[in-house]
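Please examine the sequence and the structure shown below.

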Amino acid sequence: MALTQHFFNPASSSFFHRSAFTSSIPFSLRTNTNTVFFSPRVQNLQNPAPTFSRRLFLPSVSAIWDALTGGSNNAREAVIAIRRGMLLFIQGDVLGSLAEFDKAIEFDSRQKAYLWQRGLSLYYLDRFEEGAEQFRLDVAQNPNDTEESIWCFLCEAQLYGVDGARERFLEVGRDPRPVMREAYNMFKDGGDPQQLVAAFSSGQENEYFYASLYAGLYYESQKNSDAAKLHILAACQSPYGQRSDDYMAALAKVHCLCRNWSSD
């Protein structure tokens with residue numbers, strides 16, 4: 001998980017990009033509790049761009065061969081299910097997205113170790129134990145993924161409290177992005193989210209967005225909903241949050257919808 005990066009997922013037989021479709025469409029958010037409306041930019045998952053990310057190739061010869069050759073019918077169906085799941089999440093149908101991600105695993109069980117998207121859906125459905133398991137599986141395959149370590153913490157903070165989650169904290173390698181290195185240290189050791197935001201308030205647009213998003217998520221882990229709302233709404237309203245095709249920009253908006261937060 002990283003800023004507008006492209007993912008080559010060896011087990012999914014496809015490249016994934018955390019950008020969104022260039023068109024905007026209204027949708028209803030369908031979760032366990034409510035239905036609201038929002039207009040996102042959603043990802044064109046039909047022809048993801050074939051570039052590589054910091055995710056390393058993993059030692060699965062059959063999976064890499066599938067990726068290069070198109071693989072079996074089941075592998076292709078799994079990729080289609082993941083694409084549908086990502087689109088549904090961006091559109092606000094969190095429960096529907098999880099159903100598609102689970103379907104992908106049924107088609108191709110290798111998918112489960114790479115489905116960070118599934119972990120995000122589980123978080124917003126309050127299925128924190130399963131979410132933590134998903135992120136731990138992902139980090140086992142990619143021990144340098146800062147964001148998955150943080151999301152595991154966020155799930156486990158809901159289960160065990162902040163101190164308990166910190167005791168279980170998944171340590172990962174050094175992230176090349178300064179904003180994510182600072183966010184990682186804040187979740188791992190404790191810190192001041194306000195300082196995180198201030199440090200990147202005059203930096204690049206994506207850095208301010210990510211600082212605001214993770215400051216809000218940190219406050220949410222501490223049960224401070226007012227501060228969480230302030231920062232995540234700021235992330236949504238930032239230039240990057242408004243214009244970016246990043247999957248995480250869509251996530252910030254879905255977060256607000258799931259919490260019934262409004263900028264009005």
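Where is the place of Asp126? In this predicted model, Asp126 sits in the loop between helix H4, residues 116-124, and helix H5, residues 128-141. The phi of Asp126 is near 60°, which is a positive value in a residue other than glycine. A second residue with a backbone angle of this kind is Lys223, whose phi is positive at about 65° although Lys223 is not a glycine. Lys223 belongs to the loop between helix H9 (205-221) and helix H10 (225-237). Is Lys223 buried or exposed? The relative accessible area of Lys223 is 57%, and the residue is therefore exposed, since the cut-off for that class is over 50%.

The elements named so far belong to a chain with 12 helices and 4 strands. Of the 264 residues in the chain, 58% are buried. When contacts between residues at least 6 apart in sequence are considered, 63% of them join residues at least 24 apart.

The crossing of the two helices, H4 and H6, is left-handed. On the H4 side, the contact is made by Trp116, Leu120, Tyr123 and Tyr124; on the H6 side, it is made by Glu148, Trp151, Leu154, Cys155 and Gln158. By class, the residues of this contact between H4 and H6 comprise 7 nonpolar, 1 polar and 1 charged.

The cysteines remain to be considered. How many disulfides does the structure hold? The number is 0. Cys236 illustrates why: the closest cysteine sulfur, in Cys256, is 3.7 Å from the sulfur of Cys236, which is too far for a bond, because a disulfide requires the two sulfur atoms to be within 2.5 Å. Seen from the other partner, Cys256 is in no disulfide, and its nearest cysteine sulfur is that of Cys236. Cys236 is buried, with a relative accessible area of 7%, and Cys256 likewise counts as buried, at 5% relative accessibility. Both assignments follow because the cut-off for a buried residue is under 20% relative accessible area.

Note on methods. Residues are numbered from 1 along each chain as its sequence is written. This is a predicted model: local features need pLDDT of at least 70, side-chain atom pairs count only at pLDDT 80 or more; totals for chains, interfaces and linings use all residues. Side-chain values use heavy atoms; hydrogens and water are left out. Buried means under 20% relative accessible area, exposed over 50%, partly exposed in between (1.4 Å probe, protein chains only). A crossing is left-handed if the near helix is turned anticlockwise from the far one by less than a right angle, and right-handed if clockwise. Contact means heavy atoms within 4.5 Å. Ala, Val, Leu, Ile, Met, Phe, Trp, Tyr, Cys and Pro count as nonpolar, Asp, Glu, Lys and Arg as charged, and the others, Gly among them, as polar.
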